[in-house]
Amino acid sequence: MKDTAPRAGYAPVNGLNMYYEIHGSGAPLVVLHGSFMTIELMGKLIPSLAQSRQVIAVELQGHGHTADVDRPFSYEQLADDVAALIRHLGVAPADLYGYSLGGGVALMVALRHPELARKLVLVSASYTTDGSYPEVLSTIEQIKPEMLIGTPWQAAYTKVAPNPDAFPALISRLVEMDKLPYTWPAEAVQALAAPTLIVIGDSDGIRPEHAVELFRLRGGGRFGDIAGLPASQLAILPGTTHLGILERADFIVAMVTPFLDAPLPRPD
């Protein structure tokens with residue numbers, strides 16, 4: 001596998017100096033990590049995807065190299081930051097791949113800035129709080145900064161953050177955001193033009209019923225031999241948890257690459 005050093009930079013977006021890396025060349029694909037993560041923790045996914053396209057890996061507000069600023073965390077604000085980065089780099093429209101928190105951000109980019117999103121890959125993500133199991137929400141409410149000290153998340157953060165001591169503050173701010181229930185309008189999700197690949201593990205924090213619901217909103221849930229294949233797709237990985245999906249890069253890339261390579265559907 002070819003592996004060249006990425007090009008790295010900071011983009012001034014919405015009062016934030018957002019860190020990004022560009023891996024590979026070709027059609028642009030913006031990759032968004034999960035909560036508490038850095039680009040490094042996305043593992044083999046980014047170099048594997050970069051074999052066939054230009055991967056723009058991002059570190060969101062307060063994560064990794066991107067220093068936090070004095071403003072609340074919200075899906076809307078994080079999505080606006082990503083949209084501003086896409087415009088800053090001049091890569092619109094781009095495909096977006098988001099895992100967990102990043103999946104919600106990717107979906108919100110498409111909802112707020114539909115002209116920037118060509119296709120979406122939403123991994124372990126939902127459009128409503130009810131998409132997660134109740135025990136996921138109760139666990140989030142109990143997370144304390146000291147519980148993540150000594151974990152790979154802290155180690156990756158400490159290695160690159162401009163203020164390594166700010167990791168507890170990042171945890172607290174994300175937990176406060178995650179405690180807020182949300183439901184994004186189903187009709188808006190349904191109306192999106194961007195074909196969507198929905199991926200969860202069969203033992204994920206996202207309920208399979210919700211993944212199917214989201215798939216139906218994105219045009220799925222019909223007898224393809226008669227109605228034809230929808231532009232959107234659904235994949236449920238066997239024997240896979242929410243964190244375990246990070247170890248499934250080979251499976252995911254094998255699905256993501258043909259999905260992104262397929263031509264866009266013709267407008268009605």
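Modeller: Let's start with a term: two residues are in contact when they have heavy atoms within 4.5 Å of each other. Please keep in mind that this is a predicted model.

Biologist: Gladly. Which residues does Val189 contact, leaving aside its neighbours within four places in sequence?

Modeller: Val189 is in contact with Leu111, Tyr127, Leu214, Leu217 and Arg218. Take Leu214 from that list: Val189 and Leu214 are 25 residues apart in sequence, and their C-alpha atoms are 8.3 Å apart in space.

Biologist: Let's turn to charges. Why is the pair Lys44 and Asp250 called a salt bridge?

Modeller: The term asks for a side-chain nitrogen of Lys or Arg within 4 Å of a carboxyl oxygen of Asp or Glu. Here the N to O distance is 3.7 Å, so the pair qualifies. Lys44 sits in the loop between strand E3 and helix H1, Asp250 belongs to helix H10, and 206 residues separate the two. The structure holds 10 salt bridges.

Biologist: Is Asp250 buried or exposed, and why?

Modeller: Exposed means over 50%. Asp250 has 52% relative accessibility, so it counts as exposed.

Biologist: What about Asp81 and Arg71: what is their N to O distance?

Modeller: That salt bridge has an N to O distance of 2.2 Å. Asp81 is in helix H2 and Arg71 is in the loop between strand E4 and H2, so the bridge ties together parts 10 residues apart in sequence. With 0% for Asp81 and 12% for Arg71, each value is under 20%, so both residues are buried.

Biologist: How do you know whether Arg118 and Asp95 count as buried, exposed or partly exposed?

Modeller: Arg118 has a relative accessible area of 23%, which falls between 20% and 50%, so it is called partly exposed. Asp95, at 2%, counts as buried. Their closest N and O atoms are 3.0 Å apart, within the 4 Å limit, so this is a salt bridge. Arg118 is in strand E6 and Asp95 in strand E5, so the bridge joins parts 23 residues apart.

Biologist: What makes E5 and E6 a strand pair?

Modeller: Pairing needs at least two bridges. E5 and E6 have five, in the parallel sense, so they count as paired. For instance, Gly98 has Leu122 in E6 as its bridge partner. Six of the seven residues of E6 are buried.

Biologist: Finally, what does the side chain of Thr129 reach?

Modeller: The side chain of Thr129 reaches the backbone nitrogen of Tyr182 at 2.7 Å. Thr129 lies in the loop between E6 and helix H4, and at 11% it is buried, because that is under 20%. Not counting residues up to four places away in sequence, Thr129 touches Leu137, Leu180, Pro181 and Tyr182.

Definitions and conventions:
Residues are numbered from 1 along each chain as its sequence is written. This is a predicted model: local features need pLDDT of at least 70, side-chain atom pairs count only at pLDDT 80 or more; totals for chains, interfaces and linings use all residues. Side-chain values use heavy atoms; hydrogens and water are left out. Helices (H or I, at least four residues) and strands (E, at least two) are DSSP runs, numbered from the N terminus. Buried means under 20% relative accessible area, exposed over 50%, partly exposed in between (1.4 Å probe, protein chains only). A polar contact is a pair of N or O atoms within 3.5 Å; within protein, one must be able to donate a hydrogen and the other to accept it, and residues adjacent in sequence count only if both atoms are side-chain atoms.
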